[in-house]
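Visitor: Please take me through one part of this model in close detail. I would like to look at the place where the two chains meet.

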Number of protein chains: 2
Amino acid sequence: MPYRAPVRDLRFILEHVAGFARVAATPRFAEATPELADAILAEAGRIATDVIAPLNRAGDLNAARLENGAVVSSPGFAEGYRALAEGGWVGIAARPEHGGMGLPISLALAVDDMLSGACLALQLKPLLSKGQIEALEHHASDAMKALYLPKLTSGEWSGTMNLTEPQAGSDVGALRTKAEPLGDGTHAISGQKIFITWGDSDLVANVCHMVLARLPGAPEGTKGISLFMVPKFIPDAEGRPGARNSLRAVSLEHKLGIHGSPTCVMEYDGAKGWLVGEANKGMAAMFTMMNNARLSVGVQGVGVAEAALQQALAHAMERHQGATPLSAGGPILDHADVRRMLAAMRAEVFAARSIALSCAVAIDMARATGNPDWQARAALLTPIAKAHGTDIGCEVAHLGMQVQGGMGYIEETGAAQFARDVRITAIYEGTNGIQAMDLVGRKMADGGEAAFRLIDEVQRGAEAARTRYPDLAGEVWQASEALREATEALVAQPLNDRFAGAVPYLRAFARVLGGDAHLKAALADSDRLALARVMIRRILPEHAALLAQVREGAEGLYAVRPEDLAG
Amino acid sequence: MPYRAPVRDLRFILEHVAGFARVAATPRFAEATPELADAILAEAGRIATDVIAPLNRAGDLNAARLENGAVVSSPGFAEGYRALAEGGWVGIAARPEHGGMGLPISLALAVDDMLSGACLALQLKPLLSKGQIEALEHHASDAMKALYLPKLTSGEWSGTMNLTEPQAGSDVGALRTKAEPLGDGTHAISGQKIFITWGDSDLVANVCHMVLARLPGAPEGTKGISLFMVPKFIPDAEGRPGARNSLRAVSLEHKLGIHGSPTCVMEYDGAKGWLVGEANKGMAAMFTMMNNARLSVGVQGVGVAEAALQQALAHAMERHQGATPLSAGGPILDHADVRRMLAAMRAEVFAARSIALSCAVAIDMARATGNPDWQARAALLTPIAKAHGTDIGCEVAHLGMQVQGGMGYIEETGAAQFARDVRITAIYEGTNGIQAMDLVGRKMADGGEAAFRLIDEVQRGAEAARTRYPDLAGEVWQASEALREATEALVAQPLNDRFAGAVPYLRAFARVLGGDAHLKAALADSDRLALARVMIRRILPEHAALLAQVREGAEGLYAVRPEDLAG
């Protein structure tokens, strides 16, 4: 069965779980009426289903390649990208003054979800442009905005982000790329960057690289990093791409998946660059770009999980093996263990999607109202949405293969591609371990205030559901109370003890939020009750074991010596 | 770092966890002294490390291919296979009267572990021969034994097993391949078989296919299936391969992993076959072959996990990113979250390996003593060892990639290959769902007696450890008591309710056995205490949530309608 964009679930979650109505009620997003939102989702769903999804397998089989120093895209990607650009989807959240639609992140994220499920390798290209647009909107000079934003928003040009160097991955502060002032306000950028997604492209007239580099005499570490715009072709004042800049993609990586997305090693050899924002403040600017990109990566996980689930479900409804409890010749879907897997997959996708869209609503509310509570909510939910959405992406894709048995291992079915493609989402944009450390570190620097406020809300929701669904509401309440106690203990721990329990803590938090989302769903529509029971009675209980790990701290881990690990 | 066979851990587990001394104390295996066992492990470890492991990447990059209807193996596989055959490793457990070493399964399995970690794609080839040798030893006529066993044992010929057809996967009874008697005691075999591992090979002089087929007028389902020996070249009375039989590999599958192992679609077009065992009793004979193959697949998971762990550990000891809690410039191994992952990986590998070797000891004891309690123990542990060993294989390989961040996603590092290769082990030889259904169905047909006896043993072990490690012993005892209660509830459930909780039940059982294994290890060597704490305090607690799923039964799953799964 071909991929079908999950418009119905996205609408339902926006309305009944994430509280999108609050966004539409703000003056800033007054135009995002329910009717417009519906139209946006329907049209994006149509493009994802009809135009983008058919490209996914060809992108896997015919990887992007490097010819004479230039990237040649996978078959059909040019047409697919053109449809996205011409439909205005690159600029969906960009400001109207530069040609964008100016829509809320909530809607942009729902569109990301559908495009990721359709073809992750291609969706990455506009995604990076969107991050760059946002960074320029916040940090660039008016002249730079005027020059770059219209082209990026229209999709004529595209953007990249260049952080990683061979010795500087999670430790961005170790980067060495240099920026030498040329005296005319520009800089000569020199160095090597790796893992640059869509670092070159034949789908656009210009590729705009945002590059982190060091100015002469800059402080060591992250406080000495500046951000530069380094275009492939240097534009003239009217925005016509001119001279070729001294940069190139020197090689492409051979990756487990997303073969249609060229991952470049970039060489900058005195390339001309323009400072974005203030000197030595590049990390702050890059964080703008990365923060929302993290949330988008979270829904990449959700989107691929959706596609993997649909594909496995189609198989389970078509394939017959033995008598099932429901009939002599029924589909394998009717075997208890197959139904267990598919029910868990759907419950997980619903929960992870709800967390991501709730985070997006918090971002929109923070922007629309300036209320710091919304800002703190968004900051808290971002690492959870990223790490949990992508963990679930990997797990659901894995289950999708398992449902199909031997056929799941054969590449032609596509099940394996989902598992290969989605695997990167748990790694890039900050590994899921880094996300969890962000959650228990920076995001708990408030003493856990934002977390406790969210737990309070979950408990109020459980109280409200108690009359109708006493057992489910009780379990969500209890789990959130356990999370509260663990959070109280966590914020009292030294930082490295928190780090030791960071990943299980993040997952336990996501479990509670998943229970909350399903409870809300069942209250809004009793047809959602069966899946809510699967989440709350079968999946949520794992929070207890996860929180037990949080209490353990770091000591027991450091008692394991390297020689013990060698076996 | 290249793979290094885990001889030390295998020895330790055989001695201190699995109780191999009991096997060596039986008259049947009196020759398997500790000295011989050590020599066997050391020599197999040397071959795995020095000869086989170096072939792994080439096998991935240069898949086996079909040329003019014949399989051409990956580079170096011919030399690697020759080393295995000439070393006598194909016949390690085969009977001495046909040239085998006649060693216990416990030692053979330890060798499988090392060879799987070295190169899973190549290890599959002797593995299938070993299963065929065992089936022939039990079911073939003396003439057939005399003709085939010496050649299979020496590795000059190899074996395959042919069960699956497009419509008959988990439901073997649906197979349609026909066997027509030719009047001379032979049969004409016609039909198509899929997923035939090493269905053709240029490494041997003859390929011996064990094929399940139906005789004319045979009953429907599994009671009408017979087993046939169908050699590629028909041997003369002296065992010289003669006329080409009417069978061929018509195509190879494109798989996620194990590219060096050709997975064939086999076409039998009136091929000459010889009945093995009795007519219509083919499933029983095939089960002999499959039962121990299941256990071997379990250690394939463990073996690849070992390799993935070693590779990730080497990365974590070499890579530096930021200041760690232990030093300003230490390796990433010293970051709490990285150490958490690696400690979990090692604890899991140790536990899964212990379960597999304990199962092998039970098989050996059953053979050596004829005691039905050992037989029941082996039968109970086999599905746990298979499913848990391969689940852990997938999870550890996944963590191995995560430890390495972006580098883990790049094929050159080899981390992705481990994850791709090991994924099939959770599927073939009966999916892990089928294993779990076997555990809660057939293996609980005794009312849980074998399970309760094993739980009793675990609790006696915990009692014995209470003085020295009161907290750890207490947690293992409590967990096994929870498992006992869940087992009591399980055996009272209707079968389909058991099936609904089968996978979580199997995992919970493995968690308890893992805790038991680590407790034994810590008692034998206090250097093992730190890993035991990781297993018992951080991983074992998940049993509670798993057993909660077991109690849920099937009803809640069937309340989820297909349209709810569609989202």
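Guide: A salt bridge here is a side-chain nitrogen of Lys or Arg within 4 Å of a carboxyl oxygen of Asp or Glu. Keep in mind that this is a predicted model. Glu552(B) and Arg537(A) form such a bridge, and their closest N and O atoms are 2.7 Å apart. That value lies within the 4 Å cut-off, so the pair counts. Across the interface of chain B and chain A, the rule finds four salt bridges. Polar contacts are also found there: 44 residue pairs, with both residues at pLDDT 80 or more.

Now the elements. On the side of chain B that touches chain A, helix α10 (residues 336-369) of chain B gives the most, with seven residues. By class, that side of chain B has 40 nonpolar, 21 polar and 26 charged residues.

Next, the extent. In contact are 87 residues of chain B and 86 residues of chain A. The two chains bury about 7500 Å² between them. Carbon and sulfur atoms carry 59% of that area. In chain B, the residues that lose the most area to chain A are Tyr409(B), Arg538(B) and Leu565(B). Together they make up 13% of what that side buries.

Last, the annotation. An unreviewed UniProt entry places the feature "domain: Acetyl-CoA dehydrogenase-like C-terminal" at residues 455-559 of chain A. In the model, this span of chain A is 84% helix and 0% strand. Its end C-alpha atoms lie 34 Å apart.

Notes
Residues are numbered from 1 along each chain as its sequence is written. Chains are lettered from A and ligands numbered from 1 in the order in which they are written. This is a predicted model: local features need pLDDT of at least 70, side-chain atom pairs count only at pLDDT 80 or more; totals for chains, interfaces and linings use all residues. Side-chain values use heavy atoms; hydrogens and water are left out. UniProt positions are given in the numbering used here, feature names are shortened, and annotations may be inferred rather than shown by experiment. Helices (H or I, at least four residues) and strands (E, at least two) are DSSP runs, numbered from the N terminus. Contact means heavy atoms within 4.5 Å. Buried area is the accessible area (1.4 Å probe) that two parts lose on being put together, summed over both. A polar contact is a pair of N or O atoms within 3.5 Å; within protein, one must be able to donate a hydrogen and the other to accept it, and residues adjacent in sequence count only if both atoms are side-chain atoms. Ala, Val, Leu, Ile, Met, Phe, Trp, Tyr, Cys and Pro count as nonpolar, Asp, Glu, Lys and Arg as charged, and the others, Gly among them, as polar.
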